[in-house]
Protein chains: 2
Amino acid sequence: MEQRLSLVTLGVGDLAKARLFYESLGWRASSASCEQVCFFQTGSMAIALYPMDALLNDAGKTGNLPVPGGITLGINVSLREEVDQELAKVLAHGATLLQAAMDTPWGGRTAYFADPDGHPWEITWAPMFPLGPAGELLLP
Amino acid sequence: MEQRLSLVTLGVGDLAKARLFYESLGWRASSASCEQVCFFQTGSMAIALYPMDALLNDAGKTGNLPVPGGITLGINVSLREEVDQELAKVLAHGATLLQAAMDTPWGGRTAYFADPDGHPWEITWAPMFPLGPAGELLLP
């Protein structure tokens, strides 16, 4: 798995209220934001606000996140098949499977694993967000 | 508060074991790492592995983190006085104080607040890590 971080997803109770808080600090939401999710570009990666129930559902259909903090760390890959390949690699190194690789309703592919302390990571192929030359996630 | 992310800190039970996991994925630790903390450069920011008890102690002397996930999001500032100034701003916008601004044993200054969903943020002045021209945290 490359030494990068593409996305930090914060589970929120009220998306509009959470977005307003960050906007009140002077942050500007990406035009990729919609009623289901809000994105902020932060350097080479992005922060997403996402309803907590949707996050828990995405990250593990069969149970809760091992660490119940409602934050997931995401690494985006360039090719669809890399989701499965990278997941196999991290599991071989002792990570715990949270959610097997699956196609998403928004046209991508994603899988979740936990590191040895239970911190949840997401491996994602999101074709609408092509990566930059150094692997940066660059939002519109 | 600027639209940046400097550091994601992951609380860990066994620092050596956690470091080994990320190194087994091919990641290379910064020379700024030591027996108390391990840093990995990730694009414009960094990921830190840090013992969970130390993290909980730093982030709130008087109680636990509101969201018990053991992940904190950090934004580094260039000047010592900005820690207090930025903390005052976010509190004025409805953030919750977790830890008032305080000087640290390693020669910096730090404060913690929670966003409306309880996600813990750290505002840090770390003079040994000067920021890049776009606010990047660039480790040695």
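Which residue of chain A comes closest to the rotation axis? The model is a predicted one, in which local features need pLDDT of at least 70, side-chain atom pairs count only at pLDDT 80 or more, and totals for chains, interfaces and linings use all residues. Residues are numbered from 1 along each chain as its sequence is written, while chains are lettered from A and ligands numbered from 1 in the order in which they are written.

Two copies of a chain are related by a rotation about an axis and a shift along it. Here, chain A is superposed on chain B by a rotation of 180° with 0.0 Å of shift along the axis, at an RMSD of 0.0 Å (least squares on the C-alpha atoms of residues with pLDDT of at least 70 in both copies). The two copies are therefore related as by a two-fold rotation axis. Among the residues of chain A, Gly69(A) comes closest to that axis, with its C-alpha at 1.7 Å.

The contact draws 37 residues from chain A and 37 residues from chain B; two residues are in contact if their C-beta atoms, placed from the backbone, lie within 7 Å. On the side of chain A that touches chain B, at least two residues each come from strand 1 (7–12), helix 1 (15–24), strand 2 (38–42), strand 3 (45–51) and strand 4 (71–77). Helices (H or I, at least four residues) and strands (E, at least two) are DSSP runs, numbered from the N terminus.

Helix 1 of chain A also holds Glu23(A). The C-alpha atoms of Glu23(A) and Gly107(A) are separated by 28 Å, and the two residues lie 84 residues apart along the chain.
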